[in-house]
Amino acid sequence: MWNILQLIHKTWNCEVIKNMVLDFMELKKYIEEKGIKQKIIAEKSGIPEVQLCLILQGKRKCEVGEYASICKALGVKVNRFIKPRLPE
């Protein structure tokens with residue numbers, strides 16, 4: 001997991017990360033379309049299933065390390081479900 005975090009750090013500077021958000025709806029849609037069980041993702045990522053469920057519902061903030069673990073469990077690049085933050 002540390003390599004993924006290093007990649008994020010090398011690829012995006014802190015200002016870019018601050019201006020990006022997780023598109024949890026797109027993440028949830030991807031998981032459903034692929035027919036992947038949340039339990040499997042939880043096991044592979046090391047994130048408790050309850051926490052993963054809350055993340056996918058948008059009820060819990062997803063930390064950078066958790067997000068990297070989810071992407072690794074899904075076999076996708078870390079930028080797959082990230083989108084620019086809309087101006088307030």
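Predicted model: local features only at pLDDT ≥ 70, side-chain atom pairs only at ≥ 80, totals over all residues.

Trainee: How many helices and strands does the protein have?

Mentor: Helices (H or I, at least four residues) and strands (E, at least two) are DSSP runs, numbered from the N terminus. The protein has six helices and two strands.

Trainee: What percentage of the residues count as buried?

Mentor: Buried means under 20% relative accessible area, exposed over 50%, and partly exposed in between (1.4 Å probe, protein chains only). Of the 88 residues, 31% count as buried. Contact means heavy atoms within 4.5 Å. Among contacts between residues at least 6 apart in sequence, 65% join residues at least 24 apart.

Trainee: How should I read the packing of H4 and H5?

Mentor: Two packed helices are described by the angle between their axes and the distance between the axes. Axes are lines fitted to C-alpha atoms, for helices over the stretch in contact, and angles run from 0 to 180 degrees between N-to-C directions. Here, H4 (residues 38-45) and H5 (residues 49-56) pack at about 115 degrees, with axes 9 Å apart. H4 is therefore roughly perpendicular to H5. For that wording, angles under 35 degrees count as roughly parallel, over 145 as roughly antiparallel, 65 to 115 as roughly perpendicular and the rest as oblique.

Trainee: Which residues make the contact between H4 and H5?

Mentor: H4 contributes Gln38, Lys39, Ile41 and Ala42, and H5 contributes Glu49, Leu52, Cys53 and Leu56. By class, this contact of H4 with H5 has five nonpolar, one polar and two charged residues. In this classification, Ala, Val, Leu, Ile, Met, Phe, Trp, Tyr, Cys and Pro count as nonpolar, Asp, Glu, Lys and Arg as charged, and the others, Gly among them, as polar.

Trainee: At what angle do H4 and H6 pack?

Mentor: The angle between H4 and H6 is about 115 degrees, and their axes are 8 Å apart. H4 is therefore roughly perpendicular to H6. On the H4 side the contact is made by Ile41, Lys44 and Ser45, and on the H6 side by Ser69, Ile70, Ala73 and Leu74. These residues divide into four nonpolar, two polar and one charged.

Trainee: Is H6 mostly covered or mostly uncovered?

Mentor: H6 is mostly covered, with nine of its eleven residues buried. Among the buried residues are Gly65, Tyr67, Ala68 and Cys71. After H6 comes Gly75, whose phi is positive, near 75 degrees.

Trainee: Glu66 is a charged residue. Where does Glu66 lie, and is Glu66 buried or exposed?

Mentor: Glu66 lies in H6, which spans residues 64-74. Its relative accessibility is 13%, so Glu66 counts as buried. The side chain of Glu66 reaches the backbone nitrogen of Glu63 at 2.9 Å. Leaving aside neighbours within four places in sequence, Glu66 is in contact with Ile47, Gln51, Ile55, Arg60 and Lys61.

Trainee: What can be said of Val76 and Lys77?

Mentor: Val76 lies in the loop between H6 and E2, and Lys77 has its place in the loop between H6 and strand E2 (82-84). Val76 counts as buried because its relative accessibility is 18%, whereas Lys77 counts as exposed at 66%. Not counting residues up to four places away in sequence, Val76 touches Tyr30, Cys71 and Phe81. With neighbours within four places left aside, Lys77 is in contact with Tyr67 and Cys71.

Trainee: Which residues is Lys83 in contact with?

Mentor: Lys83 belongs to strand E2 and is partly exposed, with a relative accessible area of 38%. Leaving aside neighbours within four places in sequence, Lys83 is in contact with Asn19, Met20, Val21 and Asp23. The C-alpha atoms of Lys83 and Met20 are separated by 5.5 Å, although these residues are 63 residues apart along the chain.

Technical notes
Residues numbered from 1 in each chain as written. Heavy atoms only, no water. Polar contact = N/O pair within 3.5 Å; in protein donor to acceptor, adjacent residues only side chain to side chain.
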